[in-house]
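Visitor: Could you walk me through how to read a chain-to-chain contact and a surface patch?

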Amino acid sequence: MAEVVLNEVVKTYGDIYAVNHVSLTVADGEFVALVGPSGCGKTTTLSLIAGLNEISGGEIHIGGRLVNDLDPKDRDIAMVFQNYALYPNKTVFKNLAFPLQMRKLAKAEIERKVLSAAKVLDITHLLERKPRELSGGQQQRVALGRALVRDPRVFLMDEPLSNLDAKLRVQMRTELKRFHQDLEATVVYVTHDQLEAVTMADKMAVMHGGFLQQYDSPKNVFDNPVNMFVASFVGSPAMSLVPLEAVSHGSDVALRSPEGWELPLSPQNARKALGATSNQVVLGARHSTVKLHSAQTPGAVPGVVYTVEPTGDITFVQVFLGTSVVIVSLDPSVTVHPDQKVWIEFDQDKIHLFDGATELALAAV
Amino acid sequence: MTIDVAHQGGAVPAPSLRRRPNLLRRIVRHWNDYAYIAPAIVVMLLVIGYPIYYTVELSFFKTPPNLAMSQKVFVGFDNYRAILTSQSFRDVTYNTLIWTVVSTFFAYVLGLGAALALNREFLGRGVLRAVLLVPYVISAVAASYVWKWLYHSDFGVIGALSVQFGFTDEPINFLDNIYTALPSLIVVNIWKEFSFAMIMLLAGLQTVPDQLLRAAQVDGANTWQRFWHVTMPHLKGVSMVTILLLVVTNLNSFIIPWIMTGGGPAGATDIWITQIYQMAFGRIRFGMASAYSVILFIVMMALGYFYVKALTRGDEAKSE
Amino acid sequence: MSTPIRNTAAMTATTTSPAPTRRRSKKPIGGWRWAGRGILAFLLLFTALPMVWMVITSLKTQLAALQYPPQWWPNEVTFENYVQLLSPNNAVGHEFLQYFWNSFYVSILSTILGVVIAVPAAYAFSRFRFPGRQALFFSVLLRNMFPAVVFLMPLFLMMKWLGLVNTHGSLILTYLTFGLPLSIWLLKGFYDNIPIQLEQAARIDGATRFQAFFHIVMPLSSPGIIATAIYAFIMAWNEYVYALTFLNSKDKLTLPVGLQRFFSEYATNWPGLMAASFIMSVPVVVLFLVLQKYFVRALTEGAVKS
Ligand SMILES: Nc1ncnc2c1ncn2[C@@H]1O[C@H](COP(=O)(O)OP(=O)(O)OP(=O)(O)O)[C@@H](O)[C@H]1O
Ligand SMILES: [Mg+2]
């Protein structure tokens with residue numbers, strides 16, 4: 001197993017920066033999830049680590065060795081592709097055997113390893129089949145098996161579960177997690193399903209437009225998003241963001257809406273708001289930290305219910321605060337109805353404040 | 001473990017790390033890729049590029065009959081002038097046009113008929129298709145001798161049959177008569193190539209969506225209307241390519257007239273290619289023949305333009 | 001046999017193959033269907049009768065062939081003509097077998113070389129983006145357009161200069177370019193349909209670029225390779241003009257030129273000529289019948305897009 005270090009990595013396609021000065025370190029045995037919206041450069045980053053694409057700038061180290069100019073075959077990595085990329089003209093057995101054959105292992109050795117990998121993955125009965133005779137879940141296992149057979153130093157996985165149905169995906173998620181724990185493998189796992197990332201990963205790397213936005217434990221990313229993009233991308237439903245204007249009344253600071261209401265800030269938050277580059281401040285709040293009142297309450301601001309979405313154990317309510325939407329979660333026993341006038345109370349300890357101009361999180365000075 | 005945080009928002013402009021590499025740099029960077037096509041390019045240059053260049057060059061020279069090219073004499077456009085003003089050029093061009101247009105027309109029409117008739121499941125369909133394709137596959141030399149024998153003035157089976165059925169009183173001398181020679185050769189040509197049109201159009205018919213035909217049927221279109229308004233539009237592209245290829249093949253035909261009549265009688269079956277060959281290797285006038293080739297070549301280039309266009313329609317959208 | 005025009009690349013599972021057969025209109029529409037049958041019957045006779053007559057003639061003695069009215073069926077069936085052509089002991093047979101072998105040798109070699117050159121080129125055209133790629137590709141395709149005779153004189157002079165006149169090398173070099181444009185075009189279509197991830201997976205699995213190509217991509221494109229090979233072989237086997245011009249010594253001739261020679265030497269031996277034509281057609285027809293779907297694919301690929 002090995003550590004993977006990316007240092008100022010750049011990949012350009014013509015004028016497009018697919019990966020833009022990305023630096024991150026994946027510690028030995030760590031499971032890192034690479035998340036971000038479609039086209040943000042996740043697959044490209046993975047291909048650069050794998051050596052499938054020529055790097056345009058920066059350095060990649062695997063296990064302490066600079067691998068920039070190394071062929072994929074010499075990097076000792078395994079990769080699971082989004083569409084599995086099983087060799088269609090080879091049986092499952094031969095698919096699994098191929099990486100070993102390429103490494104010139106003895107025939108008996110190959111057979112032993114393939115059989116043991118097949119046993120672990122519970123695909124022994126499929127060994128003589130061709131990939132097209134397998135279900136999606138089975139193909140996924142074979143693809144995983146092909147990565148497993150040769151104990152690589154690093155596993156790269158590109159959305160390996162995205163082709164599976166919801167139920168199978170949850171099941172495979174658990175299995176993948178267990179594999180990681182058993183093998184203590186270094187894994188870089190691409191997904192645009194952040195639930196996958198949160199449940200499986202030790203660390204999360206959030207990408208957007210080729211840039212690495214934040215790299216931290218899922219909990220920290222969730223609790224302390226560094227900018228508005230991360231705040232709105234991580235968490236489901238997304239964090240509500242309300243653009244407001246900071247105004248000071250003597251030593252007190254409040255956030256004023258275009259509609260005229262004002263939200264007084266706690267001293268801690270006031271200091272943050274004053275650190276903004278302008279008076280444009282964006283208030284962020286997760287649904288669970290917001291309270292809903294049906295009557296005017298001190299410190300609460302007025303809004304109108306837009307939709308009510310019961311999901312079973314929680315009901316999500318979208319409330320219009322002026323032109324911004326705030327999502328609130330309620331116990332299903334509470335009844336609200338659309339167009340109802342409500343008051344929203346933010347938890348001063350749990351709100352996030354962002355600089356409206358730079359979109360960065362405002363930190364206490 | 002340190003936490004690397006990049007504080008770039010989406011709005012930060014991309015720092016310009018490197019300029020767009022210029023053409024030379026790109027070529028150098030891709031030299032490895034060129035290695036894959038190098039053998040093909042070398043062979044094509046040798047066997048196509050160089051000959052084209054050399055033909056054009058020779059067309060401006062008078063070449064000696066012993067082919068010692070060091071003794072060739074520059075004559076400017078004389079060769080072209082001589083060819084274009086000669087009576088024989090007009091006759092040969094006329095023959096070439098008849099040959100090409102009539103052959104292409106019938107090959108296409110028969111091919112289309114066969115394709116439509118074969119585009120339905122029935123017993124023996126595969127066998128029939130294979131049999132119809134055999135003339136296309138066999139050697140044109142063998143085919144020419146077979147037909148030469150069929151047309152034989154004394155013992156030919158066609159002449160004998162025509163007498164047998166009372167069409168004529170005595171066997172027709174197909175290949176020695178200036179009126180029947182060219183049509184007789186055209187029949188052979190059609191025999192040889194109609195199944196090419198058939199196979200192309202049959203493949204084209206597979207692309208006609210069944211749903212559309214059924215929809216048209218529901219809308220009350222009869223067989224002819226369905227053919228004309230649904231099937232034919234779908235065959236347009238294939239037909240273009242097929243007809244172009246037929247035209248090119250026919251303009252280039254050599255074997256059938258050469259073996260069967262050698263251009264005779266009295267030049268009745270002489271077409272461009274036989275004329276060029278005769279000029280080059282019969283009379284050893286390479287310069288003149290080269291000029292002739294260049295004329296043919298220009299016609300081909302024009303057709304080639306349409307060929308590539310027909311072949312790549314819709315391809316631009318797909319690539320990059 | 002019944003559904004021959006199929007997408008032979010179906011095994012890559014990425015190509016869309018149209019429904020191979022269709023059964024239209026349940027109720028008989030008399031007129032059109034009869035017209036179709038009429039056309040087919042006519043074309044079958046038109047196609048087959050000349051070949052039938054070739055075979056019948058080849059079974060006659062010379063004397064029987066030169067009769068008027070012709071013997072519709074030989075009074076006395078003889079295989080004498082075939083025996084003569086195929087027995088190495090007599091002069092005619094010896095010569096004929098030599099032509100046959102020459103044709104075979106030239107066709108096989110040019111086919112193999114053509115494939116060896118076309119495969120990497122097609123692969124490059126499909127996979128790489130390099131400056132001039134499009135232009136190169138079309139120049140390769142344009143080869144289809146030019147008449148053999150246009151190239152004949154310069155090539156003849158070039159072969160003379162290279163000392164290749166009257167060698168099989170000159171023919172092999174020329175023939176391998178016949179199939180090349182089509183092969184490249186056809187194979188490019190195959191490679192376009194093979195997902196690049198397969199190669200990437202192979203390279204991560206420890207294969208070099210070449211091994212990935214050899215072990216993974218090439219087997220998937222074998223239908224295309226077969227198709228182009230048959231096409232190239234048939235083209236080479238039947239080629240006449242270059243053989244006529246480049247070769248002059250008797251022991252070097254290929255079949256088409258040999259046949260012509262045979263005709264001028266034994267001008268009235270029509271049965272012998274028919275038998276020779278028949279024998280000459282056997283290899284290509286057998287090849288065509290056995291590998292029909294590949295050949296059809298070679299012809300129609302590119303022109304037909306769904
Ligand atoms: N071969 C290429 N040529 C040009 N641009 C490319 C190429 N490959 C990727 N890109 C561009 O690079 C950017 C990043 O692509 P990438 O495939 O890494 O995205 P991704 O994050 O994996 O997206 P997805 O979630 O959709 O898979 C995209 O804007 C894409 O258009
Ligand atoms: Mg991707």
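**Reading the C–A interface**

Guide: Chain C and chain A bury about 1800 Å² between them, with carbon and sulfur atoms giving 64% of that. Buried area here is the accessible area (1.4 Å probe) that two parts lose on being put together, summed over both. R203(C), I204(C) and D205(C) supply 37% of what chain C buries against chain A, more than any other three residues. This is a predicted model: local features need pLDDT of at least 70, side-chain atom pairs count only at pLDDT 80 or more, and totals for chains, interfaces and linings use all residues. Residues are numbered from 1 along each chain as written, chains are lettered from A in the order written, and side-chain values use heavy atoms.

Visitor: How many salt bridges are there between chain C and chain A?

Guide: A salt bridge is a side-chain nitrogen of Lys or Arg within 4 Å of a carboxyl oxygen of Asp or Glu. The count between these chains is three. In one salt bridge, D71(A) meets R203(C) at 3.5 Å, N to O. On the side of chain C that touches chain A, α8(C) gives the largest share, seven residues; helices are DSSP runs (H or I, at least four residues), numbered from the N terminus.

Visitor: Which residues make the nonpolar surface patch?

Guide: Patches take residues with over 30% relative accessible area and no salt bridge, with nonpolar side chains (Val, Leu, Ile, Met, Phe, Trp, Tyr) joined within 5 Å. Here W101(C), F104(C), Y105(C), I108(C), L109(C), I112(C) and V116(C) make one of about 630 Å². L109(C) sits in helix α4 (residues 91–127) of chain C and has a relative accessible area of 31%.

Conventions. Patch = residues over 30% accessible without salt bridge, like charges linked within 9 Å, V, L, I, M, F, W, Y side chains within 5 Å. Areas by Shrake-Rupley, 256 points an atom, 1.4 Å probe, with all protein chains shown as cover. Helix = DSSP H or I, 4+ residues; strand = E, 2+ residues; numbered from the N terminus. Buried < 20%, exposed > 50% of the residue type's maximum accessible area, 1.4 Å probe, protein only.
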